[in-house]
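Biologist: I would like to learn how to read a ligand site in a model. Can you take me through one, feature by feature?

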Amino acid sequence: MNNRKVIIFSAPSGAGKSTIVGKMLERFPQLEFSISATSRAPRGNETNGKEYYFFDTSAFRKMISENAFVEYEEVYPGSYYGTLRSELERIWAKGKTIVFDIDVKGGMNLKRIFGQDALSIFIMAPSVEELRRRLLARGTDSPESIEKRIAKAEEENSFSGKFDAIIVNDCLDRAISETAGKIGEFIGKS
Ligand code: 5GP
């Protein structure tokens, strides 16, 4: 059995990706979340080594020059995010399958690197109207920021065909069971 497998989750903002990823980690004990490095500041209760490994921009750039990352992106202007090679080894050493929550470009890069050893899943919000409604309900974004996120989501949706599976999150329970089905099948394969 190949125990160097990875599962990649990508989605436009507001599609419900984090909720689905959280449920999969609860349901499948053989999965472990890949903690990314980032140069953005911690938010709220975030702690170093739990949600992210936090670095300042110059430390992050130094690690780029040392080839410490499997992939990295400047996801938002001035904010870098990347997957450390050491993080992959840490999780595989436990015999577990790695779960990535990563932007769409990063997801496509990882799929290119891991090929058949990767299951790439694109979580899609049901429609632009629903995405707008969710972002409004979340109440954390200005109208301008909501329109920007929607424009980005429309662009990101255009890449969904490059993923192994597309899960439309119009009904959360169904999206969760569909995702669990895909994962069960993938980790059961040798
Ligand atoms: P946030 O700042 O809201 O935690 O994350 C912003 C975005 O960065 C999300 O879309 C998240 O999936 C993405 N992201 C998190 N870690 C990585 C990473 O290691 N590489 C890339 N390319 N994107 C990441």
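**Reading the site**

Modeller: Start with a loop. Asn67 lies in the loop between helix H2 (57–65) and S5. Keep in mind that this is a predicted model.

Biologist: What is the phi of Asn67 near?

Modeller: Phi of Asn67 is near 60 degrees. That is a positive value, in a residue other than glycine.

Biologist: Which protein atoms lie 2.7 Å, 2.8 Å and 3.3 Å from ligand atoms?

Modeller: For a polar contact, look for N or O pairs within 3.5 Å. Glu71 places a polar side-chain atom 2.7 Å from a nitrogen atom of the ligand. In Asp101, a side-chain N or O atom is 2.8 Å from a ligand oxygen atom. Ile102 uses its backbone: an N or O atom there lies 3.3 Å from an oxygen atom of the ligand.

Biologist: How much of the ligand's accessible area does the protein cover?

Modeller: Take the ligand on its own, with 520 Å² of accessible area; the protein covers 87% of that.

Biologist: Where does the ligand sit?

Modeller: In the largest pocket.

Biologist: Which residues does the UniProt "binding site" annotation cover?

Modeller: Treat a record as a separate source. The unreviewed UniProt entry lists Ala11, Pro12, Ser13, Gly14, Ala15, Gly16, Lys17 and Ser18. The lining of the largest pocket includes Ala11, Pro12, Ser13, Gly14, Ala15, Gly16, Lys17 and Ser18. One of them, Ser13, is in the loop between strand S1 (6–10) and helix H1 (17–27).

Biologist: Which residues does the domain annotation cover?

Modeller: The unreviewed UniProt entry gives "domain: Guanylate kinase-like" for residues 4–184. In the model, that span is 43% helix and 24% strand, and its end C-alpha atoms lie 16 Å apart.

Methods. Residues numbered from 1 in each chain as written. Predicted model: local features only at pLDDT ≥ 70, side-chain atom pairs only at ≥ 80, totals over all residues. Heavy atoms only, no water. Polar contact = N/O pair within 3.5 Å; in protein donor to acceptor, adjacent residues only side chain to side chain. Areas by Shrake-Rupley, 256 points an atom, 1.4 Å probe, with all protein chains shown as cover. 1 Å grid on protein atoms, 1.4 Å probe; cavity = no way out; pocket = protein on both sides within 12 Å on 5 of 7 lines; lining within 4 Å. Sits in = over half its atoms within 2 Å of the grid points. UniProt positions renumbered as here; feature names shortened; annotations may be inferred. Helix = DSSP H or I, 4+ residues; strand = E, 2+ residues; numbered from the N terminus.
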